[in-house]
Amino acid sequence: MVARVCAQAAVVLAFLALGLVLVPAFGLPRELGIFMQIAALLVGSWVAVFAPLWIGWSRAADPRRQARLAERARPDLEGRLITLADRLHGASPSESPAILGLLAARASSRLRGVRGGQLHPSWPALVAAVPSLVLFVLALGGAAFSPGGFVGLAGYWAGAASAAVSDEGDDSDGPLDRARVGDLVLEYTYPSYTGLEPREVPNSTGDAHGPPGTRVRVRVRSADPIDGADIYAYDEPTEGAEIHEERMISGAFTIGPDDGLWYLTLRRGQGEQRTRDFQIQAEPDLPPVVLVDGPPRIEVPVDAAVEIPWNARDDYGLRRIVLHLDGREARELRKISGDAPEASGVLRFTPEQLGMSPGMRVQLQVGAWDNNGWSGEQLGLSEPSIELVVGQPEDRSQLTLEEREELRGLLVDLLAKQLLEPWPPGRSNGDVLAFGERFDAFYTDLRALRRDRPAFARDRFVGRLTHRVLAAGVEFIVYTQVNFDPDHRRSGVRLELLNRAGDLREGAIVANEQAIVMLDRYLARDALSAVVERTEEASRLGQRLAVLAETGADASDLLLATERVERSTEALSTEARRMSSGSLQGLVERRSAEIDRLRQEIERLVAAGDVDDATRLIGRLSRQLTELHEELLYRLQRLEDEDDQLGDEIKSLLDDLRTVEREQRMLKEQVRELREGGDAAGAASAEALWAEVERLTEQASSRGDRLLGTMPQGSGPFYLRELVGSALRSTNRLLDTARARDLRKALTDVDDALVGWTRAYRRVEEGQLRPIVSRLEQAQRLLQRLAIEAESVPRDVALKTMELQAEQARLAEQREGLERDALELIPQLPIEPVGMMDALQDAAENMQSARRDLQGGKPMPAEGAQGQAAEDVKEAREALEDVLEQMSAGGGGGEGGGGGEASDQQPEPLDLDGDIMTHNPELNLEDEFDLDAFQRDVLRGMQGDVPDSYRALKKRYYEELMTQ
């Protein structure tokens with residue numbers, strides 16, 4: 001036991017010896033080193049010496065333990081010694097002392113020749129002795145090869161002036177014998193562009209390192225008094241060193257762009273000594289690293305927009321972001337204020353804006369210049385470059401008036417089919433399923449129009465309009481196929497499901513009605529412009545006819561001029577028929593009829609030779625044509641003035657929407673930077689999970705798309721295709737949400753997608769659905785992990801996140817004000833901004849969610865909700881921009897599309913409920929259906945500007961009309 005304790009004590013001493021070498025090598029202060037050694041001695045002595053010694057002696061006093069060890073060494077004792085150890089004070093009353101003595105004699109005879117080493121082996125002491133020997137060797141070697149050797153170590157621990165850092169002297173008597181110095185202190189002053197604070201390193205090893213341009217000030221103590229000293233860096237003398245108190249030396253040098261050495265030369269009398277060489281390590285300021293999120297090749301029309309997200313980082317700071325094309329700087333994208341080390345954004349442009357033309361190919365890179373103010377700014381370019389292939393321009397011209405009229409006619413035809421179908425269709429699930437399939441067929445022509453003639457989908461306004469009509473219809477159709485069980489076709493339907501289906505059907509009809517009204521108002525304004533042009537032409541012809549009559553032209557000239565007026569008024573009547581029913585159409589029709597009667601009378605008088613009466617009527621005809629033109633021109637100019645005023649209000653609201661959108665995106669970026677900066681590891685983990693969710697969802701969507709492709713239109717049950725299509729749409733929504741990094745919505749969307757595919761599980765081969773469901777289930781588990789990680793936020797990040805909720809609340813208030821402004825503006829607009837109010841309300845929900853998350857200190861879900869809110873505001877802005885574009889192109893509404901008569905007419909009668917009573921002929925279903933007449937009648941009814949409370953009444957009126 002004593003040998004083992006001694007060996008363990010040797011290990012402690014070896015560790016202390018090694019510490020004597022390592023503490024100076026790491027440049028720790030001597031006081032700290034002494035404290036560490038004392039602490040190690042106390043702890044090591046207790047653990048390795050005193051504690052084992054105390055435990056060993058206490059065990060040695062235990063006879064039973066010693067007996068067990070002896071029994072283990074001599075198995076032939078057969079437990080006799082343990083029995084005796086339990087009876088050291090004699091046999092118990094029931095036992096025989098003679099037998100106990102016999103046991104003792106036999107045990108004693110078998111213990112003869114047993115040595116203590118057999119019971120207590122010496123190998124633990126040897127095990128402890130070997131590492132102590134190794135540590136002693138390491139300590140001696142380290143001391144021998146350390147700067148200053150044994151003498152330097154002794155000086156360090158003794159606190160002597162000769163001290164911690166010195167060289168192995170070479171004992172030669174040459175003029176440059178190695179000088180010993182110690183107590184090295186390096187003070188770093190970094191270049192201003194780095195933004196780094198000055199730093200002092202006491203008890204330094206002497207090696208200097210930092211970015212080029214760093215000023216290093218040296219303070220060192222020589223071992224002996226000196227008369228002078230010089231500092232050399234990169235083999236060149238620096239500014240003269242200063243001597244203080246005979247042995248203190250101070251000086252400075254600058255770190256250059258390359259690695260090198262520095263040293264001191266010390267002078268005393270006529271002799272000169274040089275210290276050992278110290279390293280200078282230049283830490284290069286690397287160029288910025290730029291990343292872009294885009295495919296390696298982009299093919300884009302010359303006038304189409306390109307969006308490429310980018311991110312730039314630098315060691316110390318960025319100065320500006322640029323765009324490079326084919327290795328040359330094309331334009332500056334952004335100047336960075338405050339020399340921030342990181343910046344990000346989205347590169348938005350059209351090739352046309354960059355001066356490119358169709359057929360060109362360029363290598364596109366985003367570059368970042370750093371703020372290196374010492375050796376010059378450096379450029380970092382994104383790698384690899386993106387190949388941009390420029391194609392022919394898109395056909396962005398608006399649809400022609402004939403195409404818009406064609407679309408309006410198609411939508412009215414669709415409305416007729418929607419209204420002529422009775423609701424409810426029956427009492428069973430099968431009736432509703434069949435109705436949904438018939439309802440889907442109504443949209444065949446509209447789908448074909450968007451598919452086969454891309455201009456109808458590409459036109460921003462018409463594209464939104466038709467998409468909204470289709471989306472409302474699809475929502476109703478999918479509801480019928482998903483919620484009414486095809487396996488129980490003859491069973492009765494649940495009332496709540498039927499009521500919900502009825503609401504969706506009405507929503508599809510209303511969406512179609514609104515689209516027809518907006519198209520008709522656009523066409524009505526254009527018709528008014530065309531009518532004004534025709535009246536101008538007719539007015540000129542009328543004035544020319546009056547001049548001929550006043551100058552005494554012969555009858556043939558008068559008749560020829562009258563024929564020209566006739567042709568002009570016929571063209572005027574044709575254009576007037578394009579106008580919707582209302583005041584202007586009635587005005588033009590009445591004036592045209594009066595003008596036609598005058599013209600006929602003039603022709604009769606001219607033919608009869610009554611020139612005087614004909615001349616008088618010609619003057620009246622000319623005045624009427626001129627008055628009609630002036631009145632219509634006045635109304636058109638008044639509408640244009642109103643449009644100009646509305647345009648200013650729209651532009652003001654657009655500016656406010658852009659501001660809210662921009663500030664919402666900036667706040668989102670602030671939350672992202674806070675989350676990533678405060679918990680870099682957590683941010684990296686979350687991004688990896690998001691990327692995996694996106695990958696899994698893409699795979700599920702791709703497989704679902706292939707599955708739907710194997711179910712062509714018309715093959716298999718209709719409900720089955722709709723089930724798969726609905727599940728695929730839910731999966732695609734999840735993919736969009738994952739790309740937007742919206743955690744809360746993603747958790748809901750993944751549930752919806754799984755429910756959708758599960759509904760199809762009984763009716764589609766399991767092998768086709770299992771891979772899709774499996775991937776979505778994996779994505780769901782990853783999203784749940786993200787939800788858990790979103791709750792685990794460092795306290796400082798959570799507190800800073802909570803501070804941002806006030807800014808989010810301010811943006812929510814601004815959005816609310818914009819919604820109020822929009823509600824006041826929309827009734828004045830000639831056409832409705834499609835989806836604007838829905839988008840603003842979605843933005844309100846997302847902003848509210850983001851505010852709650854910020855209040856709870858949860859940056860990840862807040863970031864996702866903020867991104868969705870910004871996209872919602874963008875959607876609202878684009879819808880309003882579409883209206884402004886249509887108004888600028890000449891579309892709109894106004895009086896040409898509204899109800900009511902001219903000022904000299906009595907208003908049309910109202911029924912007791914306030915709805916406009918429009919004349920409609922009774923329909924005889926036995927007669928041939930006149931679609932043109934039906935279209936005109938429906939349009940007349942829809943043009944009435946009635947309160948919303950009467951919309952349902954008007955709709956019922958249409959349905960009653962169609963089912964007569």
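Two strands are said to pair if DSSP finds at least two bridges between them, and this wording applies throughout the close-up views of this predicted model.

**View 1. The strands β7 and β8 are joined in an antiparallel arrangement.** Three bridges link β7 to β8, the latter spanning residues 248-254. Within this pair, H244 has M248 of β8 as its bridge partner.

**View 2. An open sheet of five strands includes β7 and β8.** At the edges lie β2, covering residues 199-201, and β7, covering residues 242-244, each of which pairs on one side only. On average, and with direction ignored, neighbouring strands of this sheet are turned by 20° against each other.

**View 3. An open sheet of three strands shows antiparallel pairing in the order β12-β14-β17.** The strands β12 (289-292) and β17 (342-349) form the edges of this sheet, and each of them pairs on one side only. Neighbouring strands here are turned by 20° against each other on average, direction again being ignored.

**View 4. The strands β12 and β14 run antiparallel and are joined by four bridges.** Strand β14 is made up of residues 306-313, and W310 in this strand stands opposite V292.

**View 5. A patch of negative charge is found on the surface.** The residues that gather in this patch are D641, D644, D648 and E649. One of them, D648, is found in helix α17, which comprises residues 611-678.

Definitions and conventions
Residues numbered from 1 in each chain as written. Predicted model: local features only at pLDDT ≥ 70, side-chain atom pairs only at ≥ 80, totals over all residues. Heavy atoms only, no water. Helix = DSSP H or I, 4+ residues; strand = E, 2+ residues; numbered from the N terminus. Axes fitted to C-alpha atoms, helices over the stretch in contact; angles between N-to-C directions. Patch = residues over 30% accessible without salt bridge, like charges linked within 9 Å, V, L, I, M, F, W, Y side chains within 5 Å. Areas by Shrake-Rupley, 256 points an atom, 1.4 Å probe, with all protein chains shown as cover. Salt bridge = Lys/Arg side-chain N within 4 Å of Asp/Glu carboxyl O. Lys, Arg positive; Asp, Glu negative; His and termini not counted. Charge placed at Lys NZ, Arg CZ, Asp CG, Glu CD.
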